[in-house]
Amino acid sequence: MKNDHCKETASASQQMRDVNSKEIFKNPTLCAQFLRDNMNIPMLKQVQPEDIEDVTERYQAYFGVEFETDTVKKIYLKSAKGERHSLPLFMISLIEHKSRVDYDITMQLLRYMVCIWHEYAKDMEHKKEGISKRKDFRYPPVLPIVYYEGSARWTAARRLRERICHGDDFASFVPDFHYEIVQIHEYSNQELLDRGDEMSLLMLLNKLQRADDFQAFSQSPPEKLEGILQNTPPDLIRLIQNVMYSLMMKINIPIAEANEYIKAIGGNQMGYLFENMEKIDIQAERRKTAEARKEREEAQEQARLAREEATMLQEQVAVMQEQLAEAQEQVAAAQERAAVTQEQAVAVQEQAVAAKREAEYKTYITTCQDFNCTREETIKQFILKYLSAFGNSSEEAETIARNKVDHYWGMEL
């Protein structure tokens, strides 16, 4: 009986898997809920799952690279009468899990926006050549959103102009837009529960990163949690179970215990999910690491601001540096002329040393010849006297010795 229970537990565990936010946004039901709940745009208040088309792969192929956390949606807007507008809305969603803020996100969004408009014009040109050059041609709106799960405050610029040097002075020449930032930690648990949909529940679950987060979640009204999942389809139940299971694994809840909690999701016990859970196993070292990382990120942010101030000072001294550079160029030219002269002197010296060495070789060989030494004896003595000092191999030394003896043999001093 015990073995059967272990097998059941292992099987349930294998079926669970990690779910990232990109996968959540791929679900049209969750995406529609997200837009209705978080975007203060009247035309999006009635958006439904069937109005949303995922076109992410098309634009990833355009860039030649896959962004694991980015999604692009085509949303078919409707009028108050329920009729579709002629132009769709494109939504770019950049999903940031990191606690470190990405300060170049506006430029990444701009690349996506230009790509979408370029591809839209191409599609329209295929349908009717020359249409994009007409006066009444309009490009579709693009809604850029950053969905941020990190607990650190989002401090990146939200307007492109803020990323451009002298952006205010050249405002009329800089393409400008701002993106929507959805920070899940800015919403209270009560605020998310009151929305009463699955996307807000997932946002609430993604807020659970510290022991006190779980404590606050455990105090949620059971009827609120049960009401959210009362009519949830099986595919969304499974997705929520995967998110919850992954979360439990990160906080070191035993697998068997985690499986019991997962069974509560989608049933009548969702509201009592953490009622009997023992103290969350978040180690002290892990908390200390998170605190140290936060302090380091704050120090890095202060350093970034200091670098920006230093940049302004550097611009003021740029003219002086240019003048100094001209003087340095003149010095460098003089140094180059001196270097050429020095190289010539070194070359002459090397030639003199080589000539002296050859003269010594000649004297030694002709002296051996005067003392009636044979060529072979002279070669052996030459190797012993000169070539071993140069580190040549015995074979190479003999070749050099023979060449020198052949060259100077028979010459007179």
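**View 1. Helix α15 spans residues 394-408**. Helix α15 has 15 residues and reaches 21 Å from its first C-alpha to its last. That is close to the 21 Å expected at 1.5 Å a residue (the expected span is 1.5 Å times one less than the number of residues). Helices here are DSSP runs of H or I with at least four residues, strands are runs of E with at least two, and both are numbered from the N terminus. The model is predicted: local features need pLDDT of at least 70, side-chain atom pairs count only at pLDDT 80 or more, and totals for chains, interfaces and linings use all residues. Residues are numbered from 1 along each chain as its sequence is written, and side-chain values use heavy atoms, with hydrogens and water left out.

**View 2. The buried face of α15**. Ala397, Ala401, Lys404, Val405 and Tyr408 are the buried residues of α15 (buried: under 20% relative accessible area; exposed: over 50%; partly exposed: in between; 1.4 Å probe, protein chains only). Seen down the axis of α15, they fall within an arc of 100 degrees, so they line one face of the helix. The arc is taken from the directions from the helix axis to the C-beta atoms. Their cover includes α13 (318-370) and α14 (375-385). Just after α15, glycine 410 has a positive phi of about 95 degrees.

**View 3. Helix α10 is mostly covered**. Helix α10 (residues 234-250) reaches 24 Å from its first C-alpha to its last, close to the 24 Å expected. Of its 17 residues, 12 are buried. Among them are Leu236, Ile237, Gln241, Asn242, Tyr245 and Met248. Asparagine 252 follows α10, with a positive phi near 65 degrees.

**View 4. Valine 174 in its loop**. Valine 174 lies between β4 (142-148) and β5 (180-183). Is valine 174 buried or exposed? Valine 174 is buried, because its relative accessible area is 14%. Leaving aside neighbours within four places in sequence, valine 174 is in contact with Arg161 and Ile164 (contact: heavy atoms within 4.5 Å). The C-alpha atoms of valine 174 and arginine 161 are separated by 6.6 Å, at 13 residues apart along the chain.

**View 5. The second largest pocket**. About 420 Å³ of space lies in the second largest pocket. It is lined by 13 residues, and Glu162, Arg163, Ile164, Arg304 and Glu308 lie nearest its centre. A pocket is an open set of points on a 1 Å grid over the protein atoms alone, where a 1.4 Å probe fits, with protein on both sides within 12 Å along at least five of seven lines; lining residues have an atom within 4 Å of a point.

Key: Grid points are joined across faces, edges and corners, and a volume is the space filled by probe spheres set on the points.
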